[in-house]
Structures are given as C-alpha cells and as structure tokens.
Amino acid sequence: QEYHSTFGFPNQGRELVDNGRFSYLVSQNGTILYQVDQAALRLSDLILQHKFRLLDETKTLPAITLKTSLKLPTGSRTEGTGSGQLDFGFSILAQKSYKRLHSYTQIGFLAFGKHQNLSSIQKKGGATFAQAIEFNLFEHASLIGQVSGQSALFKNVNLPELSAATVDLTFGVRGEVPFKKTIEKMTYQFGFTQDPNPDGPSIDLSLYFNVGVEY
C-alpha cells in the first residue's frame, strides 16, 4: 500500500483486507465457483521441463531451441496450491548475440487440464511470449530488460483480473563470480517485475533474488 501511495497508483481494494492475508473467491451469477482462504505453506504443482537445441547460432541466424513442460498435480486444489490436473506447454526459444548485446525470444502455447471448479469459465489453453535484451556492462555483469506475458486464460467473465492478457515488465542485473577450485563459478540475479496495467491479472510488484553455483 505504501508503494501505491508513493507513486499514486490505484490500490485495488487492498485497504479492505487485513495486511498479510491471502484469499480469493470466484463467483458466477451469485454462485461461488471457487474459494480459498488463508493458506499455509504447502507443496505446489511441480513442473518438469526439457530443452532440445534445434539450431546453433551463426553469424546470421539465431540459436533455436524447443522447450516442453509438464505440470504435475502435486499441489492441492482445495488449498489453492494446484489445479488438480495435468497441464502441458511447449515453446520455441531463440537467442542472438552481437558483441555486448544479446536478444532472447520465446513464443509458446499452454494446454490446460479441466479444472473441476472453474471449467465453465476456463479456456482450454493460451499463448505465451517473452522478449528480453541483455547488455554486458562488464565481463561478468549484465543489465537485463524483459517484457513477458500470456493471453487471457478465462472466458465468459467481465473482470479484467480474469479476462485481460497478462503483461509484465522486468528489469534487473545478473552476473557471475568465477572460481578456480571445485566450484567453477557462482551466479546471481536480482531484479523487479512491474505490471504496467494496474487493473490487470498480474501480481502488481515482484522482487526476486537468485544465487547458484556451477561445479
């Protein structure tokens, strides 16, 4: 709320709910289709992913990779941590570099299993996209900007939180710290994601920080 107040953004009803509380309700014609109240820490749906490189990058052509994803119903539908169904996705990934500048493109499609509670308003699938630009500031540090999103996932609804397409803008830095012993290098990423549509379905503001090692 303080973030919204500082920049004058719409508050989207946050003042009507206690701080630190997570809950949502979906109703249609006065009938409650799905409702989840305060959730505890639980295991969500697991996603298995596989990538297969189709083309290597050349001076004129980008590298092309096929990516497939399978979401397993390991979460709980009643607790809001899963859909209870298998979902499948595939994407075409492209990467092209020119000196310090690197471009990453993704176009994909998602196919959804039938959700027991939301089948009357849920679409059978959706399209996804992403375009990122990376600029190398130094040998081991880069600036990254990205726009990503997906088509609307619901039908027969008039709420922008459900009927609008998702669009997110992400800005951040990433880099690595090389080592010469057992650990080859440590990698890190830091950034924030902002939804440009305050009435849309995306989470309004997200911060992320990731650290990994390669050996």
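A few ground rules come before the details. The model is predicted, so to speak, on its own terms: local features need pLDDT of at least 70, side-chain atom pairs count only at pLDDT 80 or more, and totals for chains, interfaces and linings use all residues. Residues are numbered from 1 along each chain as its sequence is written, and side-chain values use heavy atoms, with hydrogens and water left out.

**Salt bridges**

Side chains of opposite charge can pair when their charged atoms come close. Here a salt bridge means a side-chain nitrogen of Lys or Arg within 4 Å of a carboxyl oxygen of Asp or Glu, and the count by that rule is 8.

| Pair | N to O distance |
|---|---|
| Asp87 and Lys71 | 3.2 Å |
| Arg174 and Glu134 | 2.9 Å |
| Glu214 and Lys185 | 3.8 Å |

Take Asp87 and Lys71, whose side chains meet in a salt bridge. Asp87 sits in strand S5 (residues 87–98) and Lys71 in strand S4 (residues 63–72), so to the chain they are distant parts, 16 residues apart. Strands here are DSSP runs of E with at least two residues, numbered from the N terminus. Asp87 is buried at 14% relative accessible area, and Lys71 is buried too, at 15%; buried means under 20%, exposed over 50%, and partly exposed in between (1.4 Å probe, protein chains only). Asp45 joins in as well: Asp45, Lys71 and Asp87 are linked in a network of salt bridges.

Next up, Arg174 pairs with Glu134. Glu134 is buried, with a relative accessible area of 4%, whereas Arg174 is partly exposed at 31%.

Then there's Glu214 with Lys185. Because Glu214 lies in strand S11 (residues 205–214) and Lys185 in strand S10 (residues 185–194), the pair ties together parts 29 residues apart in sequence. Glu214 is partly exposed at 36%, while Lys185 is buried at 16%.

**The positive patch**

Which residues form the positive surface patch? They are Lys114, Lys123, Lys124 and Lys155. A patch takes residues with over 30% relative accessible area and no salt bridge, like charges being joined within 9 Å. Lys124 is in the loop between strand S6 (101–111) and strand S7 (125–138), and is exposed, with a relative accessible area of 74%.

Definitions and conventions. Patches are made of residues with over 30% relative accessible area and no salt bridge: like charges are joined within 9 Å, nonpolar side chains (Val, Leu, Ile, Met, Phe, Trp, Tyr) within 5 Å. Accessible areas come from the Shrake-Rupley method with a 1.4 Å probe; for residues, only the protein chains shown count as cover. Lys and Arg count as positive and Asp and Glu as negative; His and the chain ends are not counted. The place of a charge is taken as NZ of Lys, CZ of Arg, CG of Asp or CD of Glu. Helices (H or I, at least four residues) and strands (E, at least two) are DSSP runs, numbered from the N terminus.
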